[in-house]
Amino acid sequence: MPNFEPVPDIILEPAIRNAIMEDLGAGGDVTTRSVLPAGRQYRASLNARQEAVVSGMQAAALAFRLIDPSLEVEIEIPDGTACKPGDRLMSVNGNAASILAAERVALNFAGRLSGTATLTQSYVRAVEGTGTRITCTRKTTPGLKILEKLAVLHGGGFNHRFSLSDAILIKDNHIAAAGGVRPVLEAVQRNVGHMVVVEIEIDGLEQLDAVLEVGGAAAVLFDNMTTEDMAEAVRRIGGRMKTEASGNVRLDRLAEIAATGVDYISSGALTHSAGTVDLGLDF
């Protein structure tokens, strides 16, 4: 069983709190308040209804605790672990009204994030034995980046940069605005400190020749290049830089791309196109 140290709750709390406030609205849970006697106690189980890789348990538990700190929340199948239909992922014991108020937000996070973890695992399995790593991108849901990137880790993938401030990624528009590969890399060498990682995106072997000649980059991203050109690019680089393939990355192409020898394959689909795992909170 993998062992993922959770991030501090305070990092996740703003996103969870915003979701709860959105769901409660101005008047809170009027249904529960109208039909349940005050103080009714209950025990609920968050159960899986399909096979999946679990993610979002920390987020779901935080949703319950933000509604009512007195709720007893026990995670039984932690993030990063496989589950099957009928497995109990979490139990929640305490005030029934509190449990019901947090139910939908907890399920929304857990279902969506488990979908990302499960899709990531399918990508990771497609390149097993090749040495290529699967990584996400910044194509995340606004406000949920940290949660979605954690879900990628839970599925066995790796994280790309978290924000524009983490590293330098020179893309095609940067190259165009700067006047070409040479001037953009020369500018980097003049202006960037030694602790900042630099990656440059190319879309053809001609640009790669310029990158190798000028230097200044630690990694190169092959954007929508053919399999043949990527294999040739990896050969020319000869291990001098990390290599990443991106663009037109589909599950059925992963093994073919990995066979070129690239170090990383990045895909926005892990976070922007994952489905939602069917989970339920049962009383």
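Trainee: Which residues in helix 3 are buried?
Mentor: In this predicted model, helix 3 covers residues 57–67 and is mostly covered, with eight of its 11 residues buried. A residue counts as buried when its relative accessible area is under 20%. The buried residues of helix 3 are Met 57, Gln 58, Ala 59, Ala 60, Ala 61, Leu 62, Ala 63 and Phe 64.

Trainee: Is Asn 173 buried or exposed?
Mentor: Asn 173 has its place in helix 6, which runs over residues 172–178. The cut-off for the exposed class is a relative accessible area over 50%. Because its relative accessibility is 60%, Asn 173 counts as exposed.

Trainee: What distance separates the C-alpha atoms of Asn 173 and Glu 22?
Mentor: Along the chain, Asn 173 and Glu 22 are 151 residues apart.

Trainee: How are helix 7 and helix 8 oriented to each other?
Mentor: The axes of helix 7 (residues 181–191) and helix 8 (residues 205–214) come within 9 Å and cross at roughly 30°, and the crossing is right-handed. Angles under 35 degrees count as roughly parallel. The two helices, helix 7 and helix 8, are therefore roughly parallel.

Trainee: How do the residues of the contact of helix 7 with helix 8 divide into nonpolar, polar and charged?
Mentor: From helix 7, the residues Val 181, Arg 182, Leu 185, Glu 186 and Gln 189 meet Gln 207, Ala 210, Val 211, Glu 213 and Val 214 of helix 8. Sorted by class, the residues of this contact are five nonpolar, two polar and three charged.

Trainee: How do the residues of the contact of helix 8 with helix 9 divide?
Mentor: Helix 9 spans residues 227–237, and its axis comes within 11 Å of that of helix 8, crossing at roughly 15°, so helix 8 and helix 9 are roughly parallel to each other. Helix 8 contributes Leu 205, Leu 208, Asp 209 and Leu 212 to the contact, while helix 9 contributes Asp 229, Glu 232, Ala 233, Arg 236 and Ile 237. By class, the residues of the contact of helix 8 with helix 9 are five nonpolar, no polar and four charged.

Trainee: Of the residues of the protein chain, what percentage count as buried?
Mentor: The protein chain holds 11 helices and 12 strands, and its C-alpha trace spans about 75 × 35 × 25 Å along its principal axes. Its accessible surface comes to about 13900 Å², with 51% belonging to carbon and sulfur atoms. Of the 283 residues of the protein chain, the share that counts as buried is 45%.

Key:
Residues are numbered from 1 along each chain as its sequence is written. This is a predicted model: local features need pLDDT of at least 70, side-chain atom pairs count only at pLDDT 80 or more; totals for chains, interfaces and linings use all residues. Side-chain values use heavy atoms; hydrogens and water are left out. Buried means under 20% relative accessible area, exposed over 50%, partly exposed in between (1.4 Å probe, protein chains only). Helices (H or I, at least four residues) and strands (E, at least two) are DSSP runs, numbered from the N terminus. Axes are lines fitted to C-alpha atoms, for helices over the stretch in contact, and angles run from 0 to 180 degrees between N-to-C directions. Angles under 35 degrees count as roughly parallel, over 145 as roughly antiparallel, 65 to 115 as roughly perpendicular and the rest as oblique. A crossing is left-handed if the near helix is turned anticlockwise from the far one by less than a right angle, and right-handed if clockwise. Contact means heavy atoms within 4.5 Å. Ala, Val, Leu, Ile, Met, Phe, Trp, Tyr, Cys and Pro count as nonpolar, Asp, Glu, Lys and Arg as charged, and the others, Gly among them, as polar. Accessible areas come from the Shrake-Rupley method with a 1.4 Å probe; for residues, only the protein chains shown count as cover.
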